[in-house]
Amino acid sequence: MGGNLFANYEEVVAMILFGIGFTTLLLHRNMIKKIIGLNIMDSAVYLFLASKGYIEGRLAPIVVNNVTDMEVYINPVPSGLVLTGIVVSVSVSALMLALTIRLYRRYHTLDLDEIIIQSKKEGK
Amino acid sequence: MSRLKKNYERSFFYRFKKWVEGEYDPFDGKLEIKNTNRVKKELANHTQNPMEVFYQEEEEEIEHATEEGLKWYQKIYKIVSVVICLSIISVLLITVSYLPKIGNPDNPDNNEVSKRYIEKGLEETGATNIVSGMILDYRAFDTFGESNVLFIAACCVLILLRYDFGGKDSANLKKINAEANDRIYEPKNDVILQRVAFVLVPMIIIFGIYVILNGHLSPGGGFSGGAIIGAGLILYLNAFGFKKTERFFSQKTFKWTVFSSLTFYCLAKSYSFYTGANHMESGIPLGTAGNILSSGLILPLNICVGLVVACTMYAFYVMFRKGGF
């Protein structure tokens, strides 16, 4: 173990959130809850990126009074990456929910095991 | 407690109790007597094809076996998945404990890339918001890809959830059914909602426009402003119904707005990159930093992105609710 576990508490929280999301994704049989788990994992990644870009005592990267010194502002690159990630996660959530609606119309259940059993029966 | 279980009668404890009380014969139903059942069934169903009966029984047996297998599989699956999750969390936590401390200016991620963006960003893009200048100038094609991702997601949702496939009668009937069904859930003439929406919707949309237009000066930009405008449109739709929104926002509006925004974005940024790569004068003035009309192409590109995002948000909502505009 390295020594920075408690100093990096934001990243620790992000990793625990990631684990919670992954557990939700694996353990729940309801499709909607699986999608919620995936969204929790997304949020954990954003938290991790945002905490990576933070520098203590510095300002948000918006130029005030024409001061363009690196010592004044935080790192702008992770902020841009988080923006990209949010857009992609919104699209993916919408697509997954649409597919779930189609599955519900076909099998009248959201339970994944039930859907698998029914589809296997139809395949015989 | 175990009496509350559904399959209590098949549990080990119940059978053990029965055996102690002498009510349970461990060989019951497990010897050749079992076959009499099949013979009886065959006699009862002698009009049917015996092979069919056999297949039926076999199918039942397979079903029974799969149910048993599923139960075991689920137990093992739960244990294995919890173990996998815990091991992933512990590996990640060990990695985090070796990462450099948060907020330290000497961390390796604060390298020459962010230095270049901060020190030259205002001079080269003219945007006070460095993040905005970064995503809409240096990495503009990345943002173009993001807008396309949103558009493609909207198209896929449209394909998956659309009701009127262009068919003749059955599809039309489906559409009519969907609309009738939607009327049940639509709060018709809800006075409180309509009054609140009457006050709030213009303010929300104006705030969204403000966020988009000030994207290069303050926090915000096309994505956040577009999401705000989309939320305002959805509130308007919820309060006043589809008939009123169809006056200014139909599928045609969606199609042409998104198409023209994406085309303008692509052409403008291609021109800018082409002239930049060939060391030519692009002729796009950067203006004075801090004014609304400044920073070259960033303002029109922000407007394009905002339009795409607002239309996509509204389209997602409409599609999920009714399956069409």
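B:Asn110 sits in the loop between α3 (50-98) and α4 (112-125) of chain B. Helices here are DSSP runs (H or I, at least four residues), as are strands (E, at least two), numbered from the N terminus. The model is predicted: local features need pLDDT of at least 70, side-chain atom pairs count only at pLDDT 80 or more, and totals for chains, interfaces and linings use all residues. Residues are numbered from 1 along each chain as its sequence is written, chains are lettered from A and ligands numbered from 1 in the order in which they are written, and side-chain values use heavy atoms, with hydrogens and water left out.

Is B:Asn110 buried or exposed? B:Asn110 counts as buried because its relative accessibility is 12%. Buried means under 20% relative accessible area, exposed over 50%, partly exposed in between (1.4 Å probe, protein chains only). Leaving out residues up to four places away in sequence, B:Asn110 touches A:Ile55, A:Met70, A:Asn75, B:Asn104 and B:Pro105. Contact means heavy atoms within 4.5 Å. The side chains of B:Asn110 and A:Asn75 also make a polar contact (3.2 Å). That term covers a pair of N or O atoms within 3.5 Å; within protein, one must be able to donate a hydrogen and the other to accept it, and residues adjacent in sequence count only if both atoms are side-chain atoms.

## The A–B interface

Chain A gives 58 residues to the contact and chain B gives 59 residues. Together the two chains bury about 5,200 Å², 72% of it on carbon and sulfur atoms. Buried area is the accessible area (1.4 Å probe) that two parts lose on being put together, summed over both.

Across this interface the rule finds 14 residue pairs in polar contact (both at pLDDT 80 or more). On the chain A side, α1 (9-27), α2 (31-53), α3 (77-107) and α4 (112-123) each supply at least two residues. The largest share, 17 residues, comes from α3(A).

## Chain A

Chain A has 4 helices and 0 strands. Of its 124 residues, 37% count as buried. Among contacts in chain A between residues at least 6 apart in sequence, 47% join residues at least 24 apart.

## Confidence in chain B

Chain B averages a pLDDT of 80, and 76% of the residues score at least 70. pLDDT is the predictor's confidence in each residue, from 0 to 100. In chain B, confidence is highest in helix α8 (residues 191-213), at a mean of 92, and lowest in helix α2 (residues 33-44), at 51. Over residues 31-35 of chain B, pLDDT stays under 50. Where pLDDT is low, the predicted coordinates should not be read in detail.
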